[in-house]
Amino acid sequence: MRKWNFCAGPAVISEEVLSEVQSELLEYPDSGSSIMEMSHRSSTYMKVALDAKQDLKDILKIPENYEILFLQGGATHQFSMIPMNFKNLTGSADYITTGSWTKKALIEGSKIMNIKEIYSSEKDSFTCAPDLENLELSENAAYVHYCPNETIEGNAIHEVPKINKPLVADMSSVILSEPIEIGNFSLIYAGAQKNIGPAGLTIVIIKKEFMEQCNSNLPNLFRYSEHAKSDSMLNTPPTFSWYVAGKVFKWIKKSGGLDFFKEQNKMKASKLYDFIDKSNFYSNPVKPANRSIMNVPFILKDSALDAPFLNESEENGLLNLKGHRSVGGMRASIYNAMPLEGVNELIKFMDYFESKQG
Ligand SMILES: Cc1ncc(COP(=O)(O)O)c(C=O)c1O
């Protein structure tokens with residue numbers, strides 16, 4: 001029996017999508033084989049791939065002057081691919097550190113080019129984010145890197161920084177949760193395994209003008225422009241993940257698009273934060289203005305109760321509430337495919353546990 005899954009990633013996928021995949025698993029309609037057994041260059045697969053790309057373009061309203069790439073290597077691969085591609089511009093870039101993932105991006109980027117950390121909330125355990133009006137950018141920064149939603153700490157930057165430099169965003173855990181203005185960004189990247197679909201696929205949305213400036217002295221597999229030229233089929237792409245992502249995009253469209261998910265996600269998150277804030281037993285350490293809509297970390301009054309909480313929550317059909325090993329406590333990831341009903345069940349259990357232990 002399927003339970004409520006609060007995993008940060010790989011994360012819950014809509015049951016409707018999974019059922020459709022199941023019904024096509026042995027034979028993709030009228031093809032005689034499974035989608036997994038098919039050449040990525042076959043006309044049947046090419047249609048699946050291009051439809052998925054078009055649906056993503058429609059959902060996010062991606063303008064014509066952007067390329068959409070379906071790559072491998074995870075978001076982590078982008079931590080190096082971005083500096084490799086744009087190092088040649090000025091040799092340096094500015095990074096904003098608001099959590100564990102941007103810290104990793106900075107460490108990896110620093111191995112390749114000169115990176116200036118223009119803000120870090122590490123001393124505050126990544127519970128806050130910078131004042132965007134007063135960012136001190138370097139004059140020669142080739143780009144500015146940030147993460148609008150730090151998955152581990154649940155620390156978010158809800159406004160888009162208004163800067164006159166190319167803006168690069170790690171949207172792994174927030175993409176497709178609400179409409180965004182693509183034109184504000186030069187490059188967006190996201191690992192698929194949260195709001196997009198199964199792991200193994202990484203989406204990159206890159207402004208053509210920015211991409212055309214990329215380092216041409218790189219092996220092809222590391223160059224955005226080569227991936228774009230070959231429609232993300234420079235080599236064999238992650239065909240199954242791409243296909244499932246296409247189903248998720250259709251499900252998003254059918255459900256009412258990103259306006260619908262924005263409302264639903266806001267409602268789910270505010271119910272959970274309201275409950276936590278009213279309780280004397282649970283707390284969330286993040287500055288209210290920076291609280292994530294997707295990942296809600298919380299701690300119990302007494303950490304000795306963590307193990308009983310996790311055991312009992314699992315017995316009650318609530319999976320994967322353990323916080324990331326680096327921060328401890330709990331975390332409920334409430335991506336698009338987690339319905340309000342699942343969040344209500346979580347709150348019901350938290351309330352019961354508090355009244356029993358509190
Ligand atoms: C914000 C963010 N960036 C990067 C990553 C790393 O992604 P991957 O495991 O796909 O390399 C994650 C993974 O959870 C993430 O949440």
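Predicted model: local features only at pLDDT ≥ 70, side-chain atom pairs only at ≥ 80, totals over all residues.

Biologist: How do you know that the span of helix H2 agrees with its number of residues?

Modeller: Helix H2 runs over residues 43–60, and its 18 residues, taken at 1.5 Å a residue, should span 26 Å; since the end C-alpha atoms are 26 Å apart, the two values agree.

Biologist: Which residues of H2 are called buried, and what makes a residue buried?

Modeller: A residue is buried if 20 or more other C-beta atoms lie within 10 Å of its own, and in H2 the label goes to Tyr 45, Ala 49, Ala 52, Lys 53, Leu 56 and Leu 60. Seen down the axis of H2, these buried residues fall within an arc of 95°, so they line one face of the helix. In general, an α-helix has 3.6 residues a turn, so residues three or four places apart point the same way.

Biologist: Which exposed residues does H2 carry on the face turned away from its buried side?

Modeller: That face of H2 carries Ser 43, Lys 47 and Leu 50, and exposed here requires 12 or fewer such C-beta atoms.

Biologist: What covers the buried residues of H2?

Modeller: The cover includes strand S2 (66–71) and helix H7 (239–255).

Biologist: How does the reach of H7 compare with what is expected?

Modeller: H7 has 17 residues and reaches 24 Å from its first C-alpha to its last, which is close to the 24 Å expected at 1.5 Å a residue. Its buried residues include Trp 242, Tyr 243 and Phe 249, and among the elements covering the buried residues of H7 are helix H1 (15–24) and helix H8 (257–278).

Key: Residues numbered from 1 in each chain as written. Helix = DSSP H or I, 4+ residues; strand = E, 2+ residues; numbered from the N terminus. Expected span 1.5 Å × (residues − 1). Arc of directions from axis to C-beta. Contact = placed C-beta atoms within 7 Å.
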